[in-house]
Amino acid sequence: GRVTVTSFAGSSYQFDQANFTVTEEMKADFRFNGYVVLRRTFSHKEMIKLTEALEQNDAFASNSYYVGDGMKGRGSRLSIWRHPGNDITGIVGRCERIAGTMEQLLGGEVYHYHSKLIMKEAFTGGSFVWHQDYGYWYQNGCLFPDMGTVFIAVDRCDEGNGCLEVLRGSSLGSH
């Protein structure tokens with residue numbers, strides 16, 4: 001069934017900076033559901049720094065493009081980059097909390113495929129048409145779905161403002 005980012009029952013874990021480890025239960029949830037939610041991966045202070053960096057760097061807006069939602073006549077702006085830089089966004093993508101966790105969940109070394117910033121205007125931003133990321137990955141030379149997506153909500157995400165929704169197991173091709 002469809003699961004929203006606010007519910008994710010059974011696959012939600014809290015990050016604990018001092019004691020975090022990827023457990024066998026977490027790996028099993030990832031294999032069965034195709035996702036896990038790791039809440040509070042970054043502290044409030046770290047999220048403030050990330051948000052400030054994103055909002056104060058004009059490069060994200062100036063290098064973005066418009067994507068219509070195809071349904072409601074609205075859209076959002078996207079900024080995509082393929083090489084993690086030495087700024088905070090590059091550090092986030094390469095840090096142990098992200099890359100190390102993904103290596104353990106996927107069972108091997110990972111690399112940075114791309115980063116994407118989605119900029120949706122409050123109450124007017126468009127939605128994204130249901131899709132499966134693997135279709136895009138395949139078109140770009142990744143023949144197997146042995147990849148992961150890391151979603152970091154910079155602003156509050158809930159069902160009222162368009163949170164992420166996933167289909168349990170859809171990334172696995174087995175459900």
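Good morning. Among contacts in this chain (contact means heavy atoms within 4.5 Å) between residues at least 6 apart in sequence, 70% join residues at least 24 apart. The model is a predicted one: local features need pLDDT of at least 70, side-chain atom pairs count only at pLDDT 80 or more, and totals for chains, interfaces and linings use all residues. Residues are numbered from 1 along each chain as its sequence is written, and side-chain values use heavy atoms, with hydrogens and water left out.

Let me turn to the secondary structure. The chain comes to six helices and seven strands. Helices (H or I, at least four residues) and strands (E, at least two) are DSSP runs, numbered from the N terminus. Read from that end, the order of the elements is β-β-α-β-α-α-β-β-α-α-β-α-β.

Next, the sheet. How are β4, β5 and β6 arranged? These three strands form an open sheet in the order β4-β5-β6, with antiparallel pairing; two strands pair if DSSP finds at least two bridges between them. At the edges stand β4 (65–68) and β6 (115–119), each of which pairs on one side only. From one strand to the next, the twist averages 35°; axes are lines fitted to C-alpha atoms, for helices over the stretch in contact, and angles run from 0 to 180 degrees between N-to-C directions. Four bridges join β4 to β5 (residues 75–81), and V67 stands opposite S76 in β5.

I come now to burial. Buried means under 20% relative accessible area, exposed over 50%, and partly exposed in between (1.4 Å probe, protein chains only). Of the 175 residues in the chain, 29% are buried.

Which residues of helix α5 (residues 96–106) are buried? They are R97, I98, A99, G100, T101, M102 and L105. The cover over the buried residues of α5 includes α1 (24–33), β3 (37–39), α2 (44–56) and α4 (88–94). After α5 comes G107, with a positive phi near 80°.

Finally, the cysteines. A disulfide is a covalent bond between the sulfur atoms of two cysteines. In this model a disulfide is counted when a pair of cysteine sulfur atoms lies within 2.5 Å, and the structure holds zero of them. C95 is buried, with a relative accessible area of 16%. C142 also counts as buried, at 11% relative accessibility.

Thank you for your attention.
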